[in-house]
Amino acid sequence: MFREFLEKELESIEKKHLLRERVILPKGVVDFSSNDYLGLKDCKETKKALREALDNLSLSSGASALMSGYTEVQAQLEEELARLKDSESCLVVGSGYLANVGLIPALAGEGDTILSDQLNHASIIDGIRLSKAKKVIYRHNDLNHLEDLLKRETDARHRFIITDGVFSMEGDIAPLKGIKYLADRYNAVLVVDDAHGTGVIGEGRGSLFHHSVAVDENIIQMGTLSKALGSYGAFICGSKLLIKYLINKMRTQIFSTALSPVQNFISLYNTRLIQKQPFRRERVLDLAEYTVKKAKELGIPLNYHGTPIITLITGTEEKALYLKDRLLERGFFVQAIRPPTVPKNTSRLRITLNYSINRQQIDSMLTALKEIY
Ligand SMILES: *Cc1c(COP(=O)(O)O)cnc(C)c1O
């Protein structure tokens with residue numbers, strides 16, 4: 001029976017300590033798991049601007065962008081994002097997940113090879129699965145391995161290298177200078193998913209800018225509007241030609257309703273705001289550094305790579321869950337990350353900093369963590 005199948009599957013997940021549940025965070029709990037790095041999800045300035053603009057905004061786009069759902073506010077948002085990413089052109093789509101599962105099959109097909117970092121985001125993995133291209137996984141951030149694999153793919157029609165800019169569950173930054181060098185040398189197109197880099201590193205412009213890699217027509221930058229930009233939706237930046245092609249070929253753009261003008265207004269307002277308020281990203285990076293320094297004094301071995309994503313590897317699922325539950329009892333939400341989100345035996349607490357957290361809250365969280373750990 002189907003019902004028994006569902007029960008058995010869930011039982012087996014629970015036995016392995018892998019059951020997941022959604023929680024509504026009680027008021028007063030300090031959130032160390034949000035991707036709202038710049039503290040924009042409750043930004044008073046944005047709310048005020050939205051209230052003033054609301055009478056002139058439709059609540060829904062009403063159709064896909066190719067029907068009648070494309071709006072002035074989306075065109076302005078695309079222009080602003082293209083400028084931020086130093087690209088010719090930009091396409092805004094429904095979400096980061098939709099961007100990757102649409103972009104990758106539109107770019108690559110039979111006869112092509114995609115070289116993908118071992119720790120890339122699930123939406124990239126799903127995008128590759130949907131394409132008919134050959135998938136080749138390289139060891140995390142390993143340029144030597146990537147080069148060895150590129151050498152073997154000379155028969156491919158096109159080669160694509162796809163990587164997260166900042167890895168969502170590690171917090172480390174892809175070595176994009178080296179990767180771009182290899183991409184040029186082996187005639188590959190580089191696709192960077194900068195969901196966690198945008199707004200935070202490289203003066204807010206992302207991972208390529210952090211590494212001073214110049215954007216050219218063989219680089220495609222993808223990012224989400226739902227993390228540092230405090231809104232919802234995603235974008236792909238590239239050449240004019242590429243964007244024209246994607247408008248015609250990317251199925252998640254063609255067959256899905258365009259984002260609401262209300263949402264796009266928030267994205268546009270915040271994209272401008274983060275450029276006018278560099279103190280937001282400076283503060284979150286400073287808080288991350290402070291957290292690691294404090295943890296070191298307390299003897300807690302955190303992994304830190306210069307981004308607001310910091311990890312404490314526990315290995316086992318039980319230990320990660322135990323720490324998460326005890327911290328929540330004390331008023332701190334730090335999510336336990338377990339397989340399949342991360343590889344086996346690397347379960348962890350993932351601490352993310354954001355603009356709304358203060359040093360005192362970090363001190364209290366770390367003191368609690370030390371007691372439990
Ligand atoms: C969050 C994330 C996505 C998905 O973006 P959404 O807008 O939340 O769908 C894609 N890639 C990476 C690396 C992410 O961290």
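**Salt bridges and sheet**

Glu52 and Lys48 form a salt bridge, with their closest N and O atoms 3.5 Å apart; the term means a side-chain nitrogen of Lys or Arg within 4 Å of a carboxyl oxygen of Asp or Glu. The model is predicted, so local features need pLDDT of at least 70 and side-chain atom pairs count only at pLDDT 80 or more, while totals for chains, interfaces and linings use all residues. Residues are numbered from 1 along each chain as its sequence is written, and side-chain values use heavy atoms, with hydrogens and water left out.

Glu52 and Lys48 lie 4 residues apart in helix H2 (residues 44–53), and are therefore separated by about one helical turn. Helices (H or I, at least four residues) and strands (E, at least two) are DSSP runs, numbered from the N terminus. Glu52 counts as exposed because its relative accessibility is 58%, and Lys48 counts as partly exposed at 47%. Buried means under 20% relative accessible area, exposed over 50%, and partly exposed in between (1.4 Å probe, protein chains only).

The sheet is open, with 7 strands in the order E2-E8-E7-E6-E5-E3-E4 and mixed pairing; two strands pair if DSSP finds at least two bridges between them. Strands E2 (89–93) and E4 (134–138) are at the edges with a single partner strand each, so one side of each has no neighbour in the sheet. From one strand to the next, the twist averages 20 degrees. Axes are lines fitted to C-alpha atoms, for helices over the stretch in contact, and angles run from 0 to 180 degrees between N-to-C directions.

Strand E3 (residues 113–117) runs parallel to E4, joined by 5 bridges, and Ser116 stands opposite Ile137 in E4. Helix H7 (residues 143–151) packs on the sheet and touches E3, E4, E5 (159–164) and E6 (188–193), its direction making about 155 degrees with that of E4. Contact here means heavy atoms within 4.5 Å. Helix H8 (residues 176–185) also packs on the sheet, touching E4, E5, E6 and E7 (219–224), and its direction makes about 155 degrees with that of E6.

Lys180 forms a salt bridge with Asp216, the closest N and O atoms being 2.9 Å apart. This pair links distant parts of the chain, 36 residues apart: Lys180 is in helix H8, and Asp216 is in the loop between helix H9 (207–210) and E7. Lys180 is buried at 6% relative accessible area, whereas Asp216 is partly exposed at 32%.
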